[in-house]
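Reader: I am new to this structure. Please show it to me, and then let me ask about it.

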Amino acid sequence: MSQLLIKGGKCVIGSDVVVTDLLVDEGKIVAIGSGVAKSARTVIEAAGRLVLPGGVDVHVHLPWPKGSHISSDDFNSGTLAAAFGGVTSVIDFVIPDEEESLQTALQRKLEEARFNAWVDYSAHLNLRGDIDAKLKEVEGLVKEGFPSFKVFMAYEGFRVADEDVLRVMKVIGDAGGMMSVHAENGILADYLTHELLEEGKRALSYYPQSRPALCELESIQRLLAYEQRMGTRLHIHHVSTGGGAEMIGQARRQGLPVTGETCPQYLLFTDLDYTQDPKMAAYLVCAPSIKSQADQEALWRRLADGSLTVLGTDHCPFTKAQNEASLDDFSQTPGGLGGVETRLPLIFSEGVLTGRLTLEKFVEVWASAPARAFGLYPRKGSIAVGSDADLVIFDPQRRTTLRAFDLHSQTDCTPYEGRTVAGLPLTTILRGNVVVDEGKLAVETPGGELIQRYLQSQAVPIDN
(Lines give C-alpha, C1' and ligand atoms only; values in the text may rest on other atoms or scores of the structure.)
Protein backbone atom coordinates (compact mmCIF):
# COMPACT_ATOMS: atom_id res chain seq x y z
CA MET A 1 0.00 0.00 0.00
CA SER A 2 1.27 3.48 -0.88
CA GLN A 3 2.48 5.83 1.81
CA LEU A 4 0.10 8.78 1.34
CA LEU A 5 -2.86 9.87 -0.76
CA ILE A 6 -3.96 13.51 -0.92
CA LYS A 7 -7.42 13.74 -2.46
CA GLY A 8 -9.22 16.53 -4.24
CA GLY A 9 -6.96 19.46 -3.45
CA LYS A 10 -6.49 22.47 -5.69
CA CYS A 11 -2.90 21.81 -6.72
CA VAL A 12 -0.49 24.31 -8.22
CA ILE A 13 1.50 22.26 -10.71
CA GLY A 14 3.88 24.42 -12.74
CA SER A 15 1.79 27.00 -14.57
CA ASP A 16 -1.47 25.11 -13.98
CA VAL A 17 -3.92 25.06 -11.10
CA VAL A 18 -5.93 21.83 -11.10
CA VAL A 19 -8.14 19.89 -8.73
CA THR A 20 -6.55 16.47 -8.55
CA ASP A 21 -5.15 13.71 -6.35
CA LEU A 22 -1.51 13.12 -5.41
CA LEU A 23 -0.12 9.67 -4.60
CA VAL A 24 3.07 9.41 -2.57
CA ASP A 25 5.33 6.44 -1.92
CA GLU A 26 8.78 6.20 -0.34
CA GLY A 27 8.88 9.96 0.05
CA LYS A 28 8.31 10.75 -3.63
CA ILE A 29 5.29 11.81 -5.66
CA VAL A 30 4.54 8.75 -7.78
CA ALA A 31 1.26 9.68 -9.49
CA ILE A 32 -0.87 12.76 -10.17
CA GLY A 33 -4.46 12.57 -11.39
CA SER A 34 -8.03 12.12 -10.31
CA GLY A 35 -8.63 8.66 -8.93
CA VAL A 36 -4.97 7.58 -9.03
CA ALA A 37 -5.65 5.40 -5.98
CA LYS A 38 -8.51 4.52 -3.68
CA SER A 39 -6.51 4.05 -0.52
CA ALA A 40 -3.12 4.49 1.15
CA ARG A 41 -1.71 4.14 4.65
CA THR A 42 -2.58 7.81 5.19
CA VAL A 43 -5.37 9.60 3.31
CA ILE A 44 -5.82 13.37 3.48
CA GLU A 45 -9.01 14.92 2.16
CA ALA A 46 -7.94 18.29 0.72
CA ALA A 47 -11.13 19.46 -1.00
CA GLY A 48 -11.50 23.25 -0.77
CA ARG A 49 -7.83 23.71 0.08
CA LEU A 50 -4.73 24.62 -1.87
CA VAL A 51 -1.92 22.09 -2.20
CA LEU A 52 1.39 23.87 -2.86
CA PRO A 53 5.00 22.76 -3.10
CA GLY A 54 6.67 23.10 0.26
CA GLY A 55 8.34 26.48 0.60
CA VAL A 56 12.05 26.95 -0.09
CA ASP A 57 13.65 29.72 1.97
CA VAL A 58 17.21 30.34 0.78
CA HIS A 59 17.93 33.06 3.35
CA VAL A 60 17.73 32.19 7.05
CA HIS A 61 20.09 32.73 9.99
CA LEU A 62 19.91 29.97 12.61
CA PRO A 63 21.33 31.95 14.33
CA TRP A 64 23.27 34.99 13.19
CA PRO A 65 26.32 33.99 15.22
CA LYS A 66 28.72 36.92 15.29
CA GLY A 67 29.23 40.26 16.99
CA SER A 68 27.50 41.68 20.04
CA HIS A 69 24.02 40.58 18.93
CA ILE A 70 23.23 36.87 18.53
CA SER A 71 19.78 36.24 17.06
CA SER A 72 17.33 34.14 19.04
CA ASP A 73 16.50 31.20 16.76
CA ASP A 74 18.70 28.13 16.64
CA PHE A 75 18.33 25.28 14.16
CA ASN A 76 15.66 23.56 16.21
CA SER A 77 13.36 26.52 16.82
CA GLY A 78 13.95 28.11 13.42
CA THR A 79 13.18 24.99 11.42
CA LEU A 80 10.19 24.24 13.64
CA ALA A 81 8.86 27.70 12.74
CA ALA A 82 9.60 26.90 9.10
CA ALA A 83 7.55 23.69 9.26
CA PHE A 84 4.57 25.51 10.77
CA GLY A 85 4.90 28.09 7.98
CA GLY A 86 4.74 25.48 5.22
CA VAL A 87 8.48 25.70 4.50
CA THR A 88 10.19 22.36 3.86
CA SER A 89 13.71 23.44 2.82
CA VAL A 90 15.97 26.16 4.22
CA ILE A 91 19.48 27.31 3.42
CA ASP A 92 21.40 28.74 6.38
CA PHE A 93 24.75 30.55 6.41
CA VAL A 94 28.08 29.26 7.64
CA ILE A 95 29.98 32.25 9.08
CA PRO A 96 33.58 31.23 9.84
CA ASP A 97 35.97 33.13 12.05
CA GLU A 98 38.42 35.20 10.03
CA GLU A 99 41.21 32.59 10.17
CA GLU A 100 38.96 29.52 10.40
CA SER A 101 38.63 27.18 7.43
CA LEU A 102 35.32 26.88 5.63
CA GLN A 103 35.30 23.11 6.20
CA THR A 104 35.74 23.49 9.96
CA ALA A 105 32.92 26.04 10.19
CA LEU A 106 30.71 23.93 7.92
CA GLN A 107 31.15 20.78 9.99
CA ARG A 108 30.24 22.70 13.15
CA LYS A 109 27.06 23.97 11.48
CA LEU A 110 26.12 20.51 10.20
CA GLU A 111 26.54 19.07 13.69
CA GLU A 112 24.16 21.72 15.02
CA ALA A 113 21.62 20.82 12.36
CA ARG A 114 21.99 17.04 12.33
CA PHE A 115 19.53 16.11 15.08
CA ASN A 116 17.69 19.44 15.34
CA ALA A 117 16.26 20.21 11.89
CA TRP A 118 12.53 19.73 11.44
CA VAL A 119 12.84 20.40 7.68
CA ASP A 120 15.52 19.70 5.06
CA TYR A 121 18.48 22.05 4.94
CA SER A 122 21.69 23.15 3.26
CA ALA A 123 24.24 25.93 3.79
CA HIS A 124 25.90 28.85 2.05
CA LEU A 125 29.57 29.47 2.91
CA ASN A 126 30.60 33.03 3.84
CA LEU A 127 33.94 34.23 2.49
CA ARG A 128 35.69 36.62 4.88
CA GLY A 129 39.00 37.07 6.62
CA ASP A 130 41.80 35.05 5.00
CA ILE A 131 40.35 35.09 1.47
CA ASP A 132 43.36 33.36 -0.11
CA ALA A 133 43.06 30.33 2.14
CA LYS A 134 39.30 30.09 1.78
CA LEU A 135 39.39 30.30 -2.01
CA LYS A 136 41.45 27.10 -2.03
CA GLU A 137 38.46 25.30 -0.52
CA VAL A 138 35.84 26.49 -3.01
CA GLU A 139 36.22 23.83 -5.71
CA GLY A 140 36.04 20.97 -3.22
CA LEU A 141 32.96 22.37 -1.51
CA VAL A 142 31.16 22.78 -4.84
CA LYS A 143 31.86 19.11 -5.57
CA GLU A 144 30.53 18.15 -2.12
CA GLY A 145 27.19 19.83 -2.88
CA PHE A 146 27.72 23.27 -1.35
CA PRO A 147 27.88 25.50 -4.45
CA SER A 148 26.87 28.92 -3.05
CA PHE A 149 29.25 31.36 -1.38
CA LYS A 150 28.21 34.56 0.38
CA VAL A 151 30.11 37.84 0.09
CA PHE A 152 29.33 41.02 2.02
CA MET A 153 29.90 44.44 0.48
CA ALA A 154 28.83 45.98 3.81
CA TYR A 155 29.94 45.74 7.47
CA GLU A 156 33.43 46.26 8.80
CA GLY A 157 34.99 42.86 9.45
CA PHE A 158 32.79 41.18 6.85
CA ARG A 159 32.99 43.24 3.68
CA VAL A 160 35.31 42.10 0.95
CA ALA A 161 37.45 44.62 -0.93
CA ASP A 162 36.56 45.06 -4.59
CA GLU A 163 39.78 43.52 -5.86
CA ASP A 164 38.96 40.44 -3.76
CA VAL A 165 35.37 40.41 -5.00
CA LEU A 166 36.73 39.99 -8.52
CA ARG A 167 39.07 37.20 -7.45
CA VAL A 168 36.23 35.48 -5.58
CA MET A 169 34.00 35.70 -8.65
CA LYS A 170 36.70 34.17 -10.83
CA VAL A 171 37.38 31.21 -8.52
CA ILE A 172 33.69 30.50 -7.88
CA GLY A 173 32.88 30.76 -11.57
CA ASP A 174 35.70 28.40 -12.53
CA ALA A 175 34.43 25.91 -9.94
CA GLY A 176 30.87 26.05 -11.30
CA GLY A 177 29.45 27.69 -8.21
CA MET A 178 27.40 30.78 -7.36
CA MET A 179 28.34 33.96 -5.53
CA SER A 180 25.55 35.41 -3.42
CA VAL A 181 25.94 38.97 -2.21
CA HIS A 182 24.78 41.45 0.40
CA ALA A 183 24.95 44.40 -1.97
CA GLU A 184 25.27 47.67 -0.04
CA ASN A 185 28.04 50.23 -0.12
CA GLY A 186 29.25 49.62 3.42
CA ILE A 187 31.85 52.38 3.38
CA LEU A 188 29.18 54.97 2.58
CA ALA A 189 26.76 53.50 5.15
CA ASP A 190 29.46 53.62 7.86
CA TYR A 191 30.31 57.22 6.95
CA LEU A 192 26.67 58.31 7.07
CA THR A 193 26.11 56.50 10.36
CA HIS A 194 29.12 58.23 11.93
CA GLU A 195 27.93 61.59 10.61
CA LEU A 196 24.44 61.15 12.11
CA LEU A 197 25.84 60.07 15.47
CA GLU A 198 28.21 63.05 15.54
CA GLU A 199 25.21 65.33 14.97
CA GLY A 200 23.32 63.69 17.84
CA LYS A 201 20.79 62.11 15.47
CA ARG A 202 20.56 58.77 17.23
CA ALA A 203 16.80 58.15 17.34
CA LEU A 204 15.48 55.20 15.38
CA SER A 205 13.69 57.60 13.04
CA TYR A 206 17.13 58.46 11.61
CA TYR A 207 18.00 54.87 10.78
CA PRO A 208 16.92 55.01 7.09
CA GLN A 209 19.24 57.99 6.58
CA SER A 210 22.20 55.84 7.60
CA ARG A 211 21.55 53.34 4.79
CA PRO A 212 19.73 55.26 2.03
CA ALA A 213 18.76 53.83 -1.33
CA LEU A 214 22.01 55.12 -2.81
CA CYS A 215 24.00 52.55 -0.81
CA GLU A 216 22.18 49.68 -2.48
CA LEU A 217 21.86 51.22 -5.93
CA GLU A 218 25.57 52.01 -6.24
CA SER A 219 26.57 48.58 -4.97
CA ILE A 220 24.27 46.66 -7.32
CA GLN A 221 25.40 48.77 -10.28
CA ARG A 222 29.05 48.08 -9.45
CA LEU A 223 28.43 44.39 -8.88
CA LEU A 224 26.60 43.97 -12.18
CA ALA A 225 29.47 45.70 -13.97
CA TYR A 226 31.79 43.07 -12.52
CA GLU A 227 29.29 40.39 -13.50
CA GLN A 228 29.34 41.55 -17.13
CA ARG A 229 33.07 40.91 -17.23
CA MET A 230 33.29 37.75 -15.10
CA GLY A 231 30.09 35.88 -16.03
CA THR A 232 29.93 34.07 -12.69
CA ARG A 233 26.51 32.97 -11.57
CA LEU A 234 25.27 35.62 -9.14
CA HIS A 235 22.47 36.02 -6.60
CA ILE A 236 21.70 39.34 -4.91
CA HIS A 237 20.04 38.98 -1.52
CA HIS A 238 17.30 41.12 0.07
CA VAL A 239 16.83 43.76 -2.63
CA SER A 240 15.07 46.76 -1.06
CA THR A 241 14.91 49.32 -3.89
CA GLY A 242 12.87 49.47 -7.04
CA GLY A 243 15.91 50.78 -8.90
CA GLY A 244 18.02 47.85 -7.78
CA ALA A 245 15.33 45.41 -8.87
CA GLU A 246 15.11 47.08 -12.27
CA MET A 247 18.89 46.85 -12.77
CA ILE A 248 18.75 43.14 -11.99
CA GLY A 249 15.85 42.70 -14.40
CA GLN A 250 17.73 44.50 -17.15
CA ALA A 251 20.79 42.32 -16.57
CA ARG A 252 18.62 39.22 -16.80
CA ARG A 253 17.06 40.44 -20.03
CA GLN A 254 20.60 40.81 -21.38
CA GLY A 255 21.23 37.17 -20.56
CA LEU A 256 23.46 37.54 -17.50
CA PRO A 257 23.19 34.62 -15.04
CA VAL A 258 21.86 36.67 -12.12
CA THR A 259 18.91 36.26 -9.79
CA GLY A 260 17.50 38.69 -7.24
CA GLU A 261 15.60 38.24 -4.01
CA THR A 262 13.34 40.43 -1.94
CA CYS A 263 11.69 39.81 1.42
CA PRO A 264 8.26 40.41 3.01
CA GLN A 265 9.46 43.34 5.12
CA TYR A 266 10.30 45.32 1.98
CA LEU A 267 6.89 44.54 0.49
CA LEU A 268 4.78 45.29 3.57
CA PHE A 269 6.42 48.24 5.35
CA THR A 270 7.91 51.60 4.31
CA ASP A 271 10.50 53.94 5.76
CA LEU A 272 7.68 55.91 7.39
CA ASP A 273 7.29 53.02 9.83
CA TYR A 274 10.61 54.01 11.38
CA THR A 275 9.12 57.37 12.37
CA GLN A 276 6.17 56.04 14.38
CA ASP A 277 6.33 53.94 17.57
CA PRO A 278 10.02 53.50 18.54
CA LYS A 279 9.44 49.87 19.52
CA MET A 280 7.96 49.09 16.11
CA ALA A 281 10.89 50.91 14.51
CA ALA A 282 13.29 48.72 16.51
CA TYR A 283 11.55 45.57 15.30
CA LEU A 284 12.06 46.76 11.70
CA VAL A 285 15.77 47.53 11.86
CA CYS A 286 17.38 45.44 9.15
CA ALA A 287 19.96 45.91 6.44
CA PRO A 288 19.31 47.03 3.82
CA SER A 289 16.84 49.35 5.51
CA ILE A 290 13.20 49.43 4.43
CA LYS A 291 12.69 52.06 1.74
CA SER A 292 9.92 54.33 0.40
CA GLN A 293 6.40 53.48 -0.68
CA ALA A 294 7.49 54.01 -4.29
CA ASP A 295 10.20 51.39 -3.79
CA GLN A 296 7.69 49.05 -2.18
CA GLU A 297 5.31 49.34 -5.12
CA ALA A 298 8.15 48.83 -7.60
CA LEU A 299 9.32 45.69 -5.77
CA TRP A 300 5.86 44.15 -6.14
CA ARG A 301 5.95 44.90 -9.88
CA ARG A 302 9.44 43.46 -10.31
CA LEU A 303 8.50 40.33 -8.41
CA ALA A 304 5.51 39.92 -10.71
CA ASP A 305 7.43 40.49 -13.95
CA GLY A 306 10.35 38.19 -13.15
CA SER A 307 13.04 40.80 -12.53
CA LEU A 308 13.19 39.39 -9.01
CA THR A 309 12.70 35.62 -8.88
CA VAL A 310 13.12 34.74 -5.20
CA LEU A 311 11.04 35.59 -2.15
CA GLY A 312 13.31 34.97 0.83
CA THR A 313 12.95 36.16 4.39
CA ASP A 314 16.39 36.96 5.85
CA HIS A 315 14.92 35.28 8.93
CA CYS A 316 16.92 36.62 11.90
CA PRO A 317 14.67 37.37 14.90
CA PHE A 318 15.65 38.96 18.17
CA THR A 319 13.75 39.21 21.45
CA LYS A 320 11.95 42.25 22.85
CA ALA A 321 14.74 42.72 25.37
CA GLN A 322 17.35 42.73 22.61
CA ASN A 323 15.36 45.00 20.31
CA GLU A 324 14.29 47.48 22.97
CA ALA A 325 17.58 47.81 24.84
CA SER A 326 18.73 50.80 22.77
CA LEU A 327 15.64 52.67 21.61
CA ASP A 328 17.61 55.92 21.84
CA ASP A 329 20.45 54.78 19.55
CA PHE A 330 19.77 53.11 16.21
CA SER A 331 23.43 52.11 15.86
CA GLN A 332 23.11 49.77 18.86
CA THR A 333 19.86 48.12 17.78
CA PRO A 334 20.29 44.58 16.38
CA GLY A 335 19.37 44.21 12.72
CA GLY A 336 16.96 41.47 11.76
CA LEU A 337 13.43 40.13 12.11
CA GLY A 338 11.60 36.85 11.85
CA GLY A 339 9.77 35.76 8.73
CA VAL A 340 10.10 32.06 7.95
CA GLU A 341 6.76 31.16 9.57
CA THR A 342 4.72 34.11 8.32
CA ARG A 343 5.89 34.43 4.68
CA LEU A 344 3.11 32.28 3.20
CA PRO A 345 0.00 33.88 4.75
CA LEU A 346 1.40 37.42 4.50
CA ILE A 347 2.27 37.31 0.81
CA PHE A 348 -0.78 35.26 -0.09
CA SER A 349 -2.92 37.92 1.60
CA GLU A 350 -1.10 41.01 0.34
CA GLY A 351 0.08 39.62 -2.98
CA VAL A 352 -2.29 36.98 -4.35
CA LEU A 353 -5.58 38.25 -2.93
CA THR A 354 -4.83 41.84 -3.93
CA GLY A 355 -3.97 40.82 -7.49
CA ARG A 356 -0.33 41.89 -7.28
CA LEU A 357 0.75 38.29 -7.88
CA THR A 358 -1.03 35.41 -9.52
CA LEU A 359 -1.19 32.23 -7.45
CA GLU A 360 1.15 30.58 -9.97
CA LYS A 361 3.68 33.43 -9.72
CA PHE A 362 3.53 33.26 -5.94
CA VAL A 363 4.34 29.54 -5.99
CA GLU A 364 7.21 30.26 -8.38
CA VAL A 365 8.90 32.80 -6.08
CA TRP A 366 7.96 30.86 -2.93
CA ALA A 367 9.35 27.49 -4.02
CA SER A 368 10.21 26.60 -7.60
CA ALA A 369 12.45 29.53 -8.64
CA PRO A 370 14.60 29.49 -5.48
CA ALA A 371 14.90 25.71 -5.81
CA ARG A 372 16.08 26.13 -9.41
CA ALA A 373 18.48 28.94 -8.62
CA PHE A 374 20.20 27.14 -5.76
CA GLY A 375 20.43 23.61 -7.10
CA LEU A 376 17.48 21.95 -5.35
CA TYR A 377 15.19 21.56 -8.38
CA PRO A 378 13.42 19.34 -9.40
CA ARG A 379 13.82 17.36 -6.20
CA LYS A 380 12.45 20.35 -4.28
CA GLY A 381 10.11 23.19 -5.21
CA SER A 382 7.81 21.27 -7.53
CA ILE A 383 4.72 19.08 -7.57
CA ALA A 384 5.81 16.54 -10.16
CA VAL A 385 6.19 12.80 -10.45
CA GLY A 386 9.62 11.93 -9.08
CA SER A 387 9.95 15.03 -6.89
CA ASP A 388 10.16 14.81 -3.13
CA ALA A 389 6.68 14.87 -1.59
CA ASP A 390 7.33 18.21 0.13
CA LEU A 391 3.90 19.81 0.32
CA VAL A 392 1.85 22.30 2.25
CA ILE A 393 -1.94 22.15 2.46
CA PHE A 394 -3.23 25.68 2.81
CA ASP A 395 -6.73 26.86 3.69
CA PRO A 396 -7.32 30.09 1.72
CA GLN A 397 -10.58 30.78 3.58
CA ARG A 398 -9.16 30.73 7.09
CA ARG A 399 -8.51 34.13 8.64
CA THR A 400 -6.17 34.55 11.55
CA THR A 401 -4.46 37.31 13.50
CA LEU A 402 -0.70 37.02 13.81
CA ARG A 403 0.64 37.03 17.36
CA ALA A 404 4.21 36.44 18.48
CA PHE A 405 2.85 34.21 21.24
CA ASP A 406 1.39 31.81 18.66
CA LEU A 407 4.52 31.56 16.53
CA HIS A 408 7.26 28.98 17.03
CA SER A 409 10.40 31.11 16.88
CA GLN A 410 12.29 31.83 20.08
CA THR A 411 11.15 35.43 20.16
CA ASP A 412 8.39 37.31 21.91
CA CYS A 413 7.90 40.03 19.30
CA THR A 414 7.08 40.48 15.64
CA PRO A 415 6.43 43.59 13.54
CA TYR A 416 3.37 41.75 12.21
CA GLU A 417 1.72 41.64 15.66
CA GLY A 418 -2.05 42.07 15.31
CA ARG A 419 -2.07 41.88 11.51
CA THR A 420 -4.98 39.82 10.16
CA VAL A 421 -4.13 37.52 7.27
CA ALA A 422 -6.29 35.43 4.99
CA GLY A 423 -5.17 31.87 4.55
CA LEU A 424 -3.36 29.55 6.90
CA PRO A 425 -0.91 26.68 6.33
CA LEU A 426 -2.50 23.72 8.07
CA THR A 427 -0.54 20.63 7.07
CA THR A 428 3.13 20.40 6.15
CA ILE A 429 4.51 17.24 4.57
CA LEU A 430 8.23 16.51 4.31
CA ARG A 431 9.24 13.69 1.97
CA GLY A 432 5.81 12.13 2.42
CA ASN A 433 5.83 12.39 6.21
CA VAL A 434 3.25 14.62 7.89
CA VAL A 435 5.21 16.96 10.16
CA VAL A 436 2.42 19.42 10.98
CA ASP A 437 -1.17 18.19 10.85
CA GLU A 438 -4.06 20.65 11.04
CA GLY A 439 -1.85 23.14 12.85
CA LYS A 440 -0.37 20.69 15.38
CA LEU A 441 3.03 19.04 15.49
CA ALA A 442 2.56 15.47 14.25
CA VAL A 443 6.01 13.95 14.90
CA GLU A 444 8.03 13.55 18.07
CA THR A 445 11.54 14.22 16.78
CA PRO A 446 13.10 16.31 14.01
CA GLY A 447 13.55 14.47 10.72
CA GLY A 448 15.14 17.05 8.44
CA GLU A 449 18.04 15.95 6.25
CA LEU A 450 21.02 17.62 4.64
CA ILE A 451 20.44 18.11 0.92
CA GLN A 452 23.45 18.36 -1.35
CA ARG A 453 22.94 20.89 -4.12
CA TYR A 454 24.33 20.87 -7.65
CA LEU A 455 23.81 23.77 -10.03
CA GLN A 456 22.67 22.59 -13.45
CA SER A 457 21.13 25.52 -15.30
CA GLN A 458 21.68 29.23 -15.44
CA ALA A 459 19.31 31.86 -14.10
CA VAL A 460 15.57 31.36 -14.44
CA PRO A 461 14.54 32.99 -17.77
CA ILE A 462 12.78 36.33 -17.65
CA ASP A 463 9.98 37.16 -20.03
CA ASN A 464 10.83 39.96 -22.46
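Reader: In which loop does P288 lie?

Author: This is a predicted model, where local features need pLDDT of at least 70, side-chain atom pairs count only at pLDDT 80 or more, and totals for chains, interfaces and linings use all residues. Residues are numbered from 1 along each chain as its sequence is written, and side-chain values use heavy atoms, with hydrogens and water left out. Helices (H or I, at least four residues) and strands (E, at least two) are DSSP runs, numbered from the N terminus. P288 sits in the loop between α11 (278-283) and α12 (293-305).

Reader: What kind of peptide bond joins A287 and P288?

Author: Look at omega. For this bond, omega is about 0°. The bond between A287 and P288 is cis.

Reader: Is H238 buried or exposed?

Author: H238 is placed in the loop between β11 (233-236) and α9 (242-253). Buried means under 20% relative accessible area, exposed over 50%, partly exposed in between (1.4 Å probe, protein chains only). H238 has 2% relative accessibility, so it counts as buried.

Reader: Which residues does H238 touch?

Author: Contact means heavy atoms within 4.5 Å. Residues up to four places away in sequence are not counted. The residues touched by H238 are H59, H182, E216, E261, T262, C263, Y266, A287, P288 and D314.

Reader: What is phi of H238?

Author: H238 is a residue other than glycine, and its phi is positive. The value is near 30°.

Reader: Why is α1 described as largely enclosed?

Author: Helix α1 covers residues 75-84. Its buried residues pack against β7 (87-94), α2 (102-114), β8 (120-126), β15 (420-430), β16 (433-437) and β17 (440-441).

Reader: Which residues of α6 are exposed?

Author: In α6 (residues 186-198), G186, A189, L192, T193 and L196 are buried. They cover an arc of only 125° around the axis, so they lie on the same side of α6; the arc is that of the directions from the helix axis to the C-beta atoms. What covers them includes α7 (207-210) and α8 (213-230). On the other side, the exposed residues are I187, Y191 and E198.

Reader: Where is P378 found?

Author: A cis peptide bond joins Y377 to P378, with omega about 5°. P378 is in the loop between α15 and β14 (391-401).

Technical notes. The expected span of a helix is 1.5 Å times one less than its number of residues.
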